[in-house]
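Visitor: Please take a close look at one part of this model. Then set that part beside the rest of the chain.

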Amino acid sequence: MQNHKQGALFLRSSVMLLLFMASLLLLLQGAHTISDGDADADGVVAAPEVVVDAAATATQSNSNGKVKVFTVASEPTDGYRRYIRSATVYDIEVTTLGMGEEWKGGDMKTAGGGVKINLLREAIESLKDAQDVIILFTDSYDVIITATLEEIVEKFKESGAKLLFSAEKFCWPDKSLANKYPEVEGKASRYLNSGAFIGYAPQVYALLEETIEDTGDDQLYYTKVFLNETKRTKLGMKLDTQSRLFQNLHGAKNDVKLKVDLDSNQGTLQNLDFMTTPAIIHGNGLSKVDLNAYGNYLAKTFSGVCTFCQEYPLELNEQALPVITLAIMVPQAVPFFDLFLDKIEKINYPKDHLHLFMYTNAPLHDELIESYVKNQGKQYASAKFVLSTDELDERAGRQLALDKAKLQHSDYIFFVDGDAHIDDSEVLRELLIMNKQFVAPLFSKYHELWSNFWGALSDGGYYARSHDYVDIVKRDLM
């Protein structure tokens with residue numbers, strides 16, 4: 001597929017994304033998909049379940065039950081599924097606490113997360129005297145595991161700690177405590193991060209003895225324990241300042257390098273400062289986008305092609321296809337718009353399962369859009385257009401399309417900009433089969449490096465070239 005300017009976006013969420021998008025498919029809130037094609041009583045395809053309390057299908061229980069791995073999550077987001085997948089790849093069983101329950105740990109835009117401490121304390125109470133049991137706790141939405149449990153435990157034991165926390169570059173949430181931390185050398189990470197820690201069960205339980213409100217801050221809670229030298233010594237508590245086991249990414253972008261062995265399908269992230277290979281990667285703070293980029297190659301997700309992209313495909317049930325809002329967006333005048341509409345007409349998907357929404361802010365296209373809806377609109381489940389005379393800006397137009405899709409109970413919304421010519425009539429089905437919350441075809445200019453793909457973001461939120469951008473646009477990486 002090629003176009004003159006932008007691409008296509010397929011979304012699956014209840015929020016409006018501010019992305020550079022020309023074509024995108026989005027799964028809307030309440031929509032369901034599944035990999036085996038079974039439909040529910042309403043004829044809507046259901047989502048593949050994620051096992052919660054024993055999410056990984058390990059060949060045997062974690063080191064014969066001597067290592068317990070816990071995380072906290074209230075809903076199975078894409079980040080959670082990625083985390084569980086990475087654990088499964090390395091035969092690690094994970095117990096998820098709080099799944100399906102109301103999140104009581106604050107809005108996470110500020111300090112919060114005390115509920116994680118309270119859930120973990122309750123979960124390990126029966127193990128508080130088990131001196132030979134190791135507890136590993138990690139966050140889930142922004143964490144990827146990249147090694148076996150045996151390697152993780154070995155790195156922990158090499159530290160000499162009874163309780164080992166990950167470390168980061170920034171003192172958060174209370175910056176005033178920064179100078180109270182022990183000094184570290186060179187580029188080591190000085191400050192505690194609560195996103196991942198490991199320790200013997202008695203020490204972990206003792207760490208959790210103090211009470212905390214669910215809305216209290218877990219990182220501040222652990223920080224205060226660590227900064228109390230008496231408690232720190234009693235617990236045998238240390239920080240992984242050289243990222244031997246844990247790697248926090250915020251503030252460490254230049255400290256790490258991705259390595260991928262295509263023969264073994266093994267991607268690793270190396271810490272260049274200390275030449276270590278951390279086993280647990282955490283996209284803390286503002287590093288979520290960095291984690292997403294690395295996540296395309298970590299935990300055996302890449303072997304010349306994106307293996308993760310091919311997992312859990314949706315088997316389309318022709319008798320119960322998802323309902324989709326087809327949102328045609330033409331914010332400015334574009335050439336060959338009549339040919340664009342011809343290709344939209346040829347998309348292989350039943351029109352009675354498509355709600356048509358057409359928007360333009362260009363007077364040049366008013367007549368053709370109005371004519372198209374008049375002549376072709378009856379084929380669709382519904383049809384609506386917004387013309388330049390309605391004086392609705394592009395942002396409002398996209399939001400209106402999304403609002404209409406939710407009102408019509410569409411399962412998905414498929415945004416296509418007027419300069420994104422779709423040559424593949426099967427594109428909608430191909431995107432659905434990928435079974436993702438957000439998915440878009442890659443559009444590029446012939447023999448140029450321009451595309452609708454942003455591999456990375458600058459600190460200001462604008463385009464930045466990622467390490468794999470050129471390979472992806474040239475289709476050397478698929």
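Guide: A residue is buried under 20% relative accessible area, exposed over 50% and partly exposed in between, using a 1.4 Å probe and protein chains only.

The model is predicted, so local features need pLDDT of at least 70 and side-chain atom pairs need 80 or more, while totals for chains, interfaces and linings use all residues. Numbering runs from 1 along each chain as its sequence is written, and side-chain values use heavy atoms, leaving out hydrogens and water.

Start with asparagine 296. It sits in the loop that runs between helix H7 (288-294) and strand E14 (324-330). Helices (H or I, at least four residues) and strands (E, at least two) are DSSP runs, numbered from the N terminus. Asparagine 296 is partly exposed because its relative accessible area is 38%. Set aside its neighbours within four places in sequence, and asparagine 296 is in contact (heavy atoms within 4.5 Å) with Thr301 and Phe302. Ten residues along the chain separate asparagine 296 from cysteine 306, and their C-alpha atoms are 7.3 Å apart.

Cysteine 306 brings us to the disulfide. The rule here is a pair of cysteine sulfur atoms within 2.5 Å. The count by that rule is one. Cysteine 306 pairs with cysteine 309, with an S to S distance of 2.2 Å. The torsion about their S-S bond is about 80 degrees, so the disulfide is right-handed. Cysteine 309 has 30%, so it is partly exposed. One more cysteine deserves a look: cysteine 171 is buried, with a relative accessible area of 9%.

Now back to the loop between H7 and E14, where leucine 321 is also found. Leucine 321 is buried because its relative accessible area is 6%. Leaving aside neighbours within four places in sequence, it touches Leu316, Tyr349, Pro350, His353 and Arg429. Take tyrosine 349 from that list. It is 28 residues from leucine 321 in sequence, and the C-alpha to C-alpha distance is 9.1 Å.

Next, the backbone elsewhere. Which two residues are joined by a cis peptide bond? They are tryptophan 172 and proline 173, with omega at about 10 degrees. Proline 173 lies in the loop between strand E7 (163-168) and strand E8 (191-200).

Two residues other than glycine have a positive phi: glutamate 391, at about 55 degrees, and asparagine 435, near 60 degrees. Glutamate 391 belongs to the loop between strand E16 (382-386) and helix H10 (394-407). Asparagine 435 belongs to the loop between helix H11 (427-433) and strand E18 (438-439).

For a helical case, take tyrosine 205 in helix H4 (residues 201-207). Its relative accessibility is 16%, so tyrosine 205 counts as buried. Beyond neighbours within four places in sequence, it contacts Arg121, Ile124, Glu125 and Lys128. Tyrosine 205 and leucine 127 are 78 residues apart in sequence, yet 8.1 Å apart in space, C-alpha to C-alpha.

Last, the whole chain. It holds twelve helices and 20 strands. Of its 478 residues, 51% are buried. Contacts between residues at least 6 apart in sequence include 74% that join residues at least 24 apart.

A nonpolar core is a set of buried Ala, Val, Leu, Ile, Met, Phe, Trp, Tyr and Cys residues joined through side-chain atoms within 4.5 Å. The largest has 43 residues, and Ile92, Ile152 and Ile198 touch the most other members. Another core, of 37 residues, lies apart from that one and includes Leu119, Ala178, Tyr181 and Phe197.
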